[in-house]
Amino acid sequence: MKILFISRATLFRDKGGDTIQIVNTAAQLRKKGVPADIRLCDEEIDYTGYNLIHFFNIIRPADILIHIKRSKLPYVVSTIYVDYSEYERKMRKGLAGIIFRITPPDAMEYIKVIARLLINNEKIMSPSYILMGHRKSVQQIIRNTSMLLPNSHSEYARLEAHYKTGNNYRVIPNGIDPELFETPDVPDKDSLLVICVGRIEGRKNQLNVIRALNDTKYQVVFIGSPSANQQEYYDHCKKEAAANISFVDNIPQKDLLNYYRKAKVHVLASWFETTGLSTLEAATLGCNIVITNKGDTKEYFEEYAWYCEPDSVASILSAVEKACAAEFDEQLRTKILNNYTWQQAATKTLDAYREVTDHTS
């Protein structure tokens, strides 16, 4: 069995959670003896010799349709179905904000594809996407896939409810690398150190975290680089930050581990998260976690997290205060190591591949 991974053209230029998911899943599949090649949607691809295509990010159907047509291979999709429509409506400024406030979510995504073409010169890979539109393109991919691979049951339920269609699916959890994070020597925590790991962008909502924690007793560290086209937002964050707030650019994993080990709390008050990969990592190294209540986070973190409303600085502050005052629950670490590792994700992914190829052979 030989698998072809295909994802967005900016996968390695503008790294995100999908980058981590793809790279780690491919690496673990290779350890299991399954060749898995990662290619970008705008590359010329020779499909010869592959048994199956594995696509990522169903909200980018223009990246997918052309390869389905050209390859004529069976395919599965890691949906990574995010919904940023609330953020677009509430937080976008200027003309874009006006447009998004009166535009349905699928039309918003269509507009963003056109904008990426005009602003970033990102090619629209599939001409059929222009004709069908966003909603019908996603529905076609869902109906014709061999299997959908969401990160949670909650994610699949949202997808099916929105697009009024579904298909066979298996949950493939996001994860951590236990070789990096399964460590018994977590030192004493700095009870006032709060960190936030992730790309700096409006959708991750760092600005409201800053407003919530400015001039408090907490030392707050944001770790990450600005996302593409988000330099203005990053500058705004730094301008509003008080003296107790600091910023660290992208750093090597071993250095990031040191922050996880020392911090008492990790906060990710995003407008939406399917999982929150950095939250999984932080919790594995003993951080109490504050996370958005938008998306699928409760399926992963259950009662072990402090949930906040992204548009309420009072809610963010209250959740951080409670998390800083509480003891860490070792059951959360156990839950993650037992259920959410890249090795387990690869095993479940391989089971899905075998089910699909058995049916198509």
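Before going on, the conditions. This is a predicted model, in which local features need pLDDT of at least 70, side-chain atom pairs count only at pLDDT 80 or more, and totals for chains, interfaces and linings use all residues. Residues are numbered from 1 along each chain as its sequence is written, and side-chain values use heavy atoms, with hydrogens and water left out.

Back to K164. Its phi is near 55°, a positive value in a residue other than glycine. Most residues other than glycine have a negative phi. K164 sits in the loop between helix 8 (153–163) and helix 9 (178–181); helices here are DSSP runs of H or I with at least four residues, strands are runs of E with at least two, and both are numbered from the N terminus.

D215 is the other such case I want to show. Its phi is near 60°, also positive in a residue other than glycine. D215 lies in the loop between helix 10 and strand 7, and with 66% relative accessibility it counts as exposed.

How many of the residues of helix 10 (residues 206–213) are buried? Seven of its eight: Q206, L207, N208, V209, I210, A212 and L213. These buried residues pack against strand 6 (190–197), strand 7 (219–223), helix 11 (231–240), strand 8 (245–248), strand 9 and helix 15 (313–325), contact being heavy atoms within 4.5 Å.

Next, strand 10 (residues 288–292). Five of its five residues are buried, so strand 10 is largely enclosed by the rest of the structure. Strand 9 (residues 263–268) runs parallel to strand 10, joined to it by four bridges; strands pair if DSSP finds at least two bridges between them.

Finally, the whole chain. The chain has 17 helices and 11 strands. Its radius of gyration is 20 Å, close to the 21 Å of the globule rule for 361 residues, so the chain is as compact as a globular protein of that length. That radius is taken over C-alpha atoms, and the rule is 2.2 Å times the number of residues to the power 0.38. Buried residues make up 55% of the 361.

How values were computed
Buried < 20%, exposed > 50% of the residue type's maximum accessible area, 1.4 Å probe, protein only.
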